[in-house]
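Look over the model before reading on.

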Amino acid sequence: MGDQDKKSLSPAEKSGLAALALALGLFLVHPALAVIPLSLFLLMCLGAPFFPGSAFFLPVISRARTKTDASALTFDDGPSPASTPILLELLARYDLPATFFVVGEKAAKHPELITAILEGGHTIGNHSLRHDYFLMLRPPATLQADIHGTQEILRKSGVTPLAFRPPTGITGPHLGKVLAGENLIAVTYSCRALDRGNRNIRNLAGKILRRLRPGDIIMLHDLPPHDRSMTDYWQQEFDRLFSALKKEHRVVPLEALIGKPVMERF
């Protein structure tokens with residue numbers, strides 16, 4: 001059933017029960033005071049999903065689970081004919097492993113790129129069907145259909161992802177149950193360049209290297225630069241980044257970093 005434990009309450013559920021109990025107690029003192037714990041709980045529910053490392057609604061892996069000097073490379077939003085082959089060539093040049101969290105509809109359009117990723121020795125994760133920014137606000141049935149649809153698309157390429165990364169790292173109250181049903185764990189990240197989907201690629205390598213800490217899961221984008229005239233610069237930044245990672249850091253497969261399998265092949 002993945003990494004979700006149905007018998008234990010999530011922090012959100014525990015906080016909700018505590019807020020309700022406190023509100024009932026304060027109501028007996030003065031009815032207006034009951035609003036305070038309920039309002040605080042609502043603010044927590046609204047804010048927590050926007051922190052990629054937050055486990056408020058469900059267990060989330062955002063970095064190594066044990067002490068290590070290694071880190072892991074991950075790429076979101078692909079595959080793309082304009083970026084995936086370039087990234088694969090650079091990863092092969094520096095002998096670096098990576099996990100590609102792919103969008104289902106793009107994978108369906110470019111199964112050859114999924115094959116190329118796997119043949120390069122990399123792993124595949126589920127990154128939703130359409131990269132809907134409001135996916136966590138959709139009804140549970142819609143969320144389940146989206147994640148399941150991507151699983152089915154990738155099975156056609158002979159792979160079953162065991163890790164899901166929500167679009168933009170945002171989680172929600174229904175995600176835990178859906179992931180449990182699909183035998184998926186939630187994996188986010190702890191190091192990123194804030195490149196806005198390769199819209200802001202200036203000094204991308206420097207931003208990652210400056211922020212990188214042992215145990216980090218690095219999140220980058222498998223997308224061409226938004227300004228296509230910057231393609232050469234974008235490629236040079238990744239070359240600089242991968243070269244530095246190879247020389248100065250230890251990069252391991254994501255599954256080795258988190259101690260859990262990321263996908264199955266059949």
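Strand β2 (residues 70-76) and β9 run parallel, joined by five bridges. Two strands count as paired if DSSP finds at least two bridges between them. Helices (H or I, at least four residues) and strands (E, at least two) are DSSP runs, numbered from the N terminus. This is a predicted model: local features need pLDDT of at least 70, side-chain atom pairs count only at pLDDT 80 or more, and totals for chains, interfaces and linings use all residues. Residues are numbered from 1 along each chain as its sequence is written, and side-chain values use heavy atoms, with hydrogens and water left out.

**Strand β9**
- L73 stands opposite I218 in β9, and T74 has M219 as its bridge partner there.
- Strand β8 (residues 191-192) also pairs with β9 in the parallel sense, over two bridges.
- C191 stands opposite I218.
- From β8 the chain crosses through α8 to β9, a right-handed β-α-β crossover. Right-handed means that, with the strands pointing away from the viewer, the path from the first strand over the helix to the second runs clockwise.
- Five of the five residues of β9 (residues 217-221) are buried, so this strand is largely enclosed by the rest of the structure. Buried means under 20% relative accessible area (1.4 Å probe, protein chains only).
- I217, M219 and H221 point one way from β9, and I218 and L220 the other way.

**Strand β2**
- Seven of the seven residues of β2 are buried.
- A70, A72, T74 and D76 lie on one side, and S71, L73 and F75 on the other.
- β2 pairs with strand β3 (residues 98-102) in the parallel sense over four bridges.
- In β3, A98 is the bridge partner of L73.
- The chain crosses from β2 through helix α3 (residues 84-94) to β3, and this β-α-β crossover is right-handed.
- Strand β10 (residues 250-251) pairs with β2 in the parallel sense over two bridges, with A70 opposite R250.

**Helices α8 and α9**
- Helix α8 (residues 204-211) and helix α9 (residues 231-248) pack at about 30 degrees, with axes 8 Å apart. Axes are lines fitted to C-alpha atoms over the stretch in contact, and angles run from 0 to 180 degrees between N-to-C directions.
- The two helices are therefore roughly parallel to each other (angles under 35 degrees).
- The residues of this contact divide into eight nonpolar, one polar and two charged.

**Residue F164**
- F164 sits in strand β6 (residues 163-164).
- Its relative accessibility is 0%, so F164 counts as buried.

Key:
Parallel < 35°, antiparallel > 145°, perpendicular 65-115°, else oblique. Nonpolar A, V, L, I, M, F, W, Y, C, P; charged D, E, K, R; others polar. Buried < 20%, exposed > 50% of the residue type's maximum accessible area, 1.4 Å probe, protein only.
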